[in-house]
Amino acid sequence: VCSHWLSLGPRPLGPPLNGTCSQVVFEKGGVYLHTSAKKHQDPDSLIAGVIRVVEKDNDVLLHWAPIEEAGDSSQIFFSKKDTSGGDSCTSEEEPTFDPGYEPDWAVISTVRPRPRHSEPKRGAEPSSPRGSWAFSVSLGELRSIRRSKPGLSWAYLVLVTQAGGSLPALHFHRGGTRALLRVLSRYLLLASSPQDSRLYLVFPHDSSALSSSFHHLQLFDQDSSNVVSRFLQDPYSTTFSSFSRVTNFFRGALQPHLEGTSPDLPPAPDDEPEPGFEVISCVELGPRPAVERAPPVTEEEWASHVGPEGRLQRVPELKARIFSGGLSPSLRREAWKFLLGYLSWEGSMEEHKAHVRKKTDEYFRMKLQWKSVSPEQERRNSLLHGYRSLIERDVSRTDRTNKFYEGPENPGLGLLNDILLTYCMYHFDLGYVQGMSDLLSPILYVTQNEVDAFWCFCGFMELVHGNFEESQETMKRQLGQLLLLLRVLDPPLCDFLDSQDSGSLCFCFRWLLIWFKREFPFPDVLRLWEVLWTGLPGPNLHLLVACAILDMERDTLMLSGFGSNEILKHINELTMKLSVEDVLTGAEALYRQLTACGELPHNVQEVLGLASPAEPQSPSPSASPLPLSPTRAPPAPLPPADTATATQPDSSLEILPEEEDDEEGVES
């Protein structure tokens with residue numbers, strides 16, 4: 001049996017779909033249904049089948065059936081284009097085409113059998129479990145087609161009907177998604193959605209209806225009827241070039257077709273592979289190691305690292321201990337000044353005292369700048385007035401259930417307000433952005449000193465100031481890096497989220513923006529942050545923390561049949577229910593599992609800090625990760641590996657981002 005076949009020419013339809021004037025105009029093997037939500041698909045959960053486009057009785061059907069239900073294998077597996085006849089469909093405009101290699105990475109789609117047996121299936125017993133998955137749908141019943149995001153997976157298509165239901169996701173293990181879409185474009189107009197470049201809106205070949213739809217959607221900056229006439233002549237170029245003017249999802253308009261070639265023809269296999277995919281090797285991760293966290297660093301242990309003149313000794317060893325166990329609460333007031341760069345790890349006690357005197361004077365000079373602004377001056381300074389109003393509003397609702405900040409006239413709230421306004425003087429370009437009060441609150445709670453809290457806060461902002469920039473490029477890059485890690489660690493979970501319109505991971509936005517401040521009880525946040533501030537075992541441990549949380553929730557997400565709204569709701573409901581020790585243990589285990597892989601792709605090593613970037617970062621990083629590329633850099637050693645911290649309820653305010661743009665390019 002041939003393992004890779006595809007037919008584009010029409011031929012009489014065999015026994016599977018009996019009827020008058022029936023012709024198969026397209027068929028493709030190696031199209032699977034994945035019927036299990038398990039991380040590793042077992043053979044019984046993969047149902048191999050054949051996808052066909054069938055012209056039958058003045059209608060066009062899209063038909064999928066498992067191999068044993070698909071009819072005569074001699075007709076299917078070796079079916080080629082009939083070049084002897086004079087049918088226009090068999091002209092040179094439709095040569096046999098293989099769109100290229102799509103890497104065999106596991107994809108998950110939680111699908112259920114649907115009663116869509118509009119035609120009898122040959123040889124199918126009523127009780128056949130595989131036969132129950134077969135379906136046939138008229139193209140006129142389709143409302144939209146969603147294509148999978150390029151990455152480490154078999155490409156798949158999800159078809160949504162006019163009634164709002166979804167057909168089982170079709171996983172193309174041997175390529176063919178583009179070829180199928182091109183065939184469908186003969187009968188339908190496929191317009192890429194302005195909200196999602198991977199979603200194709202389906203329109204009939206009806207000029208008046210299409211013109212009305214475009215006018216209603218206001219997608220074009222020209223007369224809709226002219227656009228429609230161009231659609232009927234050149235649907236792909238017209239769709240994509242028009243949408244490129246009103247969205248920023250596309251990197252540029254499509255290249256013009258070469259002279260003498262048909263715009264409907266797919267490119268030759270050697271010229272352009274299936275877009276977004278590279279021929280790569282599967283990343284085979286070893287078993288996840290067991291990790292045990294250590295007890296917190298005590299005052300006695302810290303004192304053992306203090307040498308002559310008050311200089312800290314064996315600093316790498318001390319940082320490793322903080323990473324593996326955190327700090328005793330009584331140590332935080334002193335140790336956080338070192339972790340956040342306010343005090344130097346190498347300085348003596350006298351040097352530290354001189355540095356604090358200097359920084360105290362500097363702080364009050366900056367504070368005086370806004371304190372000395374009169375009300376009349378502030379009325380003419382809209383920027384300062386805006387910052388003051390926003391800070392007052394945010395401070396009034398920051399950690400008010402914490403005893404340190406509760407009560408109407410709490411002095412802690414005044415200190416939060418003053419420190420944040422002074423930071424606007426310190427960093428004019430950034431100023432104040434919502435969420436900064438969440439980062440300052442634990443620092444002021446620990447240091448209980450205005451000046452110390454300010455400079456420690458400045459040190460924290462050096463790490464995360466990009467999160468608050470208006471362009472949000474840093475947040476997009478982090479979400480892309482998180483997606484990259486998740487694709488390596490758990491491709492089925494990643495592709496499940498993608499199939500549920502949650503592949504951008506925007507529900508993780510708040511996690512990364514304020515470093516999980518609103519996800520854990522207040523004492524757990526202190527432990528989490530001091531571990532992250534060590535910079536161990538690499539620069540992006542917070543991304544592995546996010547991966548660990550998703551790993552802990554994967555079964556709930558995948559086996560409960562959640563859609564995008566339910567996923568977002570479930571993630572928000574995790575607030576204050578997570579154990580920081582469990583999450584940190586999981587994050588460290590994920591790190592060790594990744595670094596134990598001898599063929600870890602280079603861009604994954606960059607995220608983990610194991611390799612330098614191969615080339616300078618683009619000024620506009622995409623929210624989608626680059627395809628994995630193998631390399632040979634060795635894994636870095638990890639410090640040795642405490643369990644549960646007390647939890648307490650805390651207030652939680654929503655910070656939800658606007659929907660991220662999907663910057664993935666669109667196929668021509």
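Which residues are buried in helix α8 (residues 329–339)? In this predicted model, they are L331, R332, A335, W336, K337, F338 and L339, where buried means under 20% relative accessible area, exposed over 50% and partly exposed in between, using a 1.4 Å probe and protein chains only. Helices are DSSP runs of H or I with at least four residues, strands are runs of E with at least two, and both are numbered from the N terminus. Those buried α8 residues pack against α6 (299–303), α7 (315–325), α9 (349–371), α13 (436–447), α14 (450–464) and α18 (522–532), with contact taken as heavy atoms within 4.5 Å. Just past α8 comes G341, with a positive phi of about 80°.

Over to strand β4 (residues 46–56), which holds K56. K56 is buried, at a relative accessible area of 10%. The C-alpha atoms of K56 and S22 sit 4.3 Å apart, though 34 residues separate the two in sequence. The K56 side chain also makes a polar contact with the side chain of D57, at 3.2 Å; such a contact is a pair of N or O atoms within 3.5 Å, where within protein one must be able to donate a hydrogen and the other to accept it, and residues adjacent in sequence count only if both atoms are side-chain atoms.

As for confidence, pLDDT is the predictor's confidence in each residue, from 0 to 100. The protein chain has a mean pLDDT of 75, and 65% of its residues reach 70 or more. Over residues 639–668 the pLDDT is below 50, and the model gives this stretch 108 contacts beyond near neighbours in sequence. Where pLDDT is low, the predicted coordinates should not be read in detail.

Residues are numbered from 1 along each chain as its sequence is written, and side-chain values use heavy atoms, leaving out hydrogens and water. Because the model is predicted, local features need pLDDT of at least 70 and side-chain atom pairs count only at pLDDT 80 or more, while totals for chains, interfaces and linings use all residues.
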